[in-house]
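Here is a short report on one protein chain. Look at the sequence and the structure, then read on.

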Amino acid sequence: MPLEPISLNDGNKIPAIAYGTGSKMKFHDITQYIEQAIEMGFSHIDTAVFYQTEKYVGKAIKESGLARSELFITTKYPREVPIQKSVKESLANLGLQYLDLYLIHQPQFIPDLVEAWKEFEKVQQDGLVKSIGISNVLNVQQLEHLIKVSKVTPAVNQIELHPYNYHKMKSIMDTCSKHNIVVEAYSSLAPITTYPGGPVDAPLRAAAHRIGATPTQVIFLWVRAKGAVIVTTTTSEAHMAEYLAVAELPALTDEEVASIDAAGAKGPPSGIVTRLRLMNTKEKLLGVVAGTMFMVYGAFGLGRLMYPY
Ligand SMILES: NC(=O)c1ccc[n+]([C@@H]2O[C@H](COP(=O)([O-])OP(=O)(O)OC[C@H]3O[C@@H](n4cnc5c(N)ncnc54)[C@H](OP(=O)(O)O)[C@@H]3O)[C@@H](O)[C@H]2O)c1
């Protein structure tokens, strides 16, 4: 079952798919979408102080009327503010007594990761959060050092993961696996949203055809084949249903996973091809008008240069 909960190294369990409230949702009142996501079956909500969506997640949780134990809530520590203060502010925004998962959002901006992690261990000990983890830790030495000098090993590492960056992420993923750290994958739909028309499309389509799924669902099955939690989002009810229906699909075969890996290793399509594919009709039209004006003015300028009088 592709969306069965996953065991963490601290004995807790994490739902295999999360509804994210960052990326294009951040800084917006998205209460209605979170409510809809919970209603449709998402139990895992991913937010962050930086997204400014905690209060909307809090509203949606309250509206849902669900017992606290039926939801899994993740938020992320930003930087600068003392951790003890920040976690209490997050809990107040969310209207919760505890978080299921608390992550250091961007360790590259944290002056001393080891010291910050000690504070994380403390908020866990105090019962304010069940599990603690990191996000965007891509440096193997940094992670090994953190584990070596800490009492608690991070339960998760939330990173960008899709077929086009998998080969780059492989060494940090292997290190996570060695220490039983669950990888959470965000922006996995990049082959569809950011790099359409690339080498990964063909193996995605082939697997989608075999199992009667969509390419989106195949990407999520690929994420699960890598052992990672899917962290995605959408404002569309149809996409919510499509994402959750992954639970009913069979796993990809080893050959399908290998052919997606091999296609991903070729890299995404070139910037210009991708830009053109992502442009809507209005943008394409504007491009043609701008291009024509550029050529006319260019020709006019050249004419003036050649025949100044
Ligand atoms: N830790 C970090 O630093 C970090 C960084 C980035 C993100 N995140 C987390 O991960 C979450 C998801 O990130 P993401 O948005 O990059 O994830 P994603 O799963 O790669 O992309 C989701 C987007 O894909 C679009 N989409 C779905 N199906 C599509 C299709 N068939 N064609 C075109 N577009 C389609 C959705 O748009 P529609 O609304 O139109 O369906 C949605 O905006 C964030 O909300 C956040 O919680 C964390």
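Contact here means heavy atoms within 4.5 Å. By that rule, and leaving aside neighbours within four places in sequence, tyrosine 102 is in contact with Thr75, Lys76, Tyr77, Ile83, Ser86, Val87, Phe120, Val123, Val129, Ser131, Ile132 and Gly133. Keep this residue in mind. The model is predicted.

## The overall plan

The protein has 13 helices and ten strands. Eight of the strands form a closed barrel. Its order is β3-β4-β5-β6-β7-β8-β9-β10, and the pairing is parallel. The twist averages 30° from one strand to the next. Strands of a sheet pair through backbone hydrogen bonds, either parallel or antiparallel.

How much of the protein is buried? Buried residues make up 49% of its 309 residues. Contacts also reach across the sequence. Among contacts between residues at least 6 apart in sequence, 75% join residues at least 24 apart.

## Strands of the barrel

Start with β4, which covers residues 44-46. Strand β4 pairs with β5 in the parallel sense, over three bridges. Here isoleucine 45 stands opposite isoleucine 73 in β5. Strand β5 is mostly covered: six of its six residues are buried.

Next comes the pairing of β5 (residues 72-77) with β6 (residues 99-104). These two strands run parallel and are joined by four bridges.

Isoleucine 134 stands opposite asparagine 157 in β8. Strand β8 spans residues 156-160 and is mostly covered, with four of its five residues buried.

## Tyrosine 102 and the core

In soluble globular proteins, nonpolar side chains tend to be buried together. In this model the largest nonpolar core has 90 residues. Which members touch the most others? They are Ile34, Tyr102 and Leu252.

Tyr102 also belongs to an aromatic cluster. Ring pairs link Tyr77, Tyr102, Trp117 and Phe120. Two of these rings, Tyr77 and Phe120, are among the contacts of tyrosine 102 listed above.

## A position from the record

UniProt lists His105 under "binding site", in an unreviewed entry. Histidine 105 lies in the loop between β6 and α4 (113-125). Is histidine 105 buried or exposed? Its relative accessible area is 8%, so histidine 105 counts as buried, since the cut-off for buried is under 20%.

What surrounds this residue? Leaving aside neighbours within four places in sequence, histidine 105 is in contact with Ala48, Phe50, Tyr51, Lys76, Tyr77, Ser135 and Asn136.

## An aromatic pair between helices

A pair of aromatic rings is described by the distance of the centres and the angle of the planes. The structure holds nine aromatic pairs. One of them joins phenylalanine 220 and tyrosine 243. Their centres are 5.1 Å apart, with 85° between the planes, and the pair is edge-to-face.

Phenylalanine 220 lies in helix α9 (residues 215-225), and tyrosine 243 lies in helix α10 (residues 237-244). The pair therefore ties together parts that are 23 residues apart in sequence. Phenylalanine 220 has a relative accessible area of 1%, and tyrosine 243 has 5% relative accessibility.

## Isoleucine 230 in β10

Isoleucine 230 is found in strand β10, residues 229-232. At 0% relative accessibility, isoleucine 230 counts as buried. Its contacts beyond four places in sequence are Leu3, Ala16, Ile17, Ala18, Ala185, Phe220, Val223 and Arg224. Phe220, from the aromatic pair above, is one of these contacts.

Isoleucine 230 and tyrosine 186 are 44 residues apart in sequence. In space, they are 6.7 Å apart, C-alpha to C-alpha.

## Helix α8

Helix α8 covers residues 201-211. Its buried residues are Asp201, Pro203, Leu204, Ala207, Ala208 and Ile211. An α-helix has 3.6 residues a turn, so residues three or four places apart point the same way.

What do the buried residues of α8 pack against? They pack against α7 (190-193), α9 and α11 (254-265). After α8 comes glycine 212, whose phi is positive, near 65°.

Conventions: Residues numbered from 1 in each chain as written. Predicted model: local features only at pLDDT ≥ 70, side-chain atom pairs only at ≥ 80, totals over all residues. Heavy atoms only, no water. Pairing = 2+ DSSP bridges. Axes fitted to C-alpha atoms, helices over the stretch in contact; angles between N-to-C directions. Core = buried A, V, L, I, M, F, W, Y, C linked by side-chain atoms within 4.5 Å. Buried < 20%, exposed > 50% of the residue type's maximum accessible area, 1.4 Å probe, protein only. UniProt positions renumbered as here; feature names shortened; annotations may be inferred. Phe/Tyr/Trp six-rings, centres within 6.5 Å; stacked < 30°, edge-to-face > 60°.
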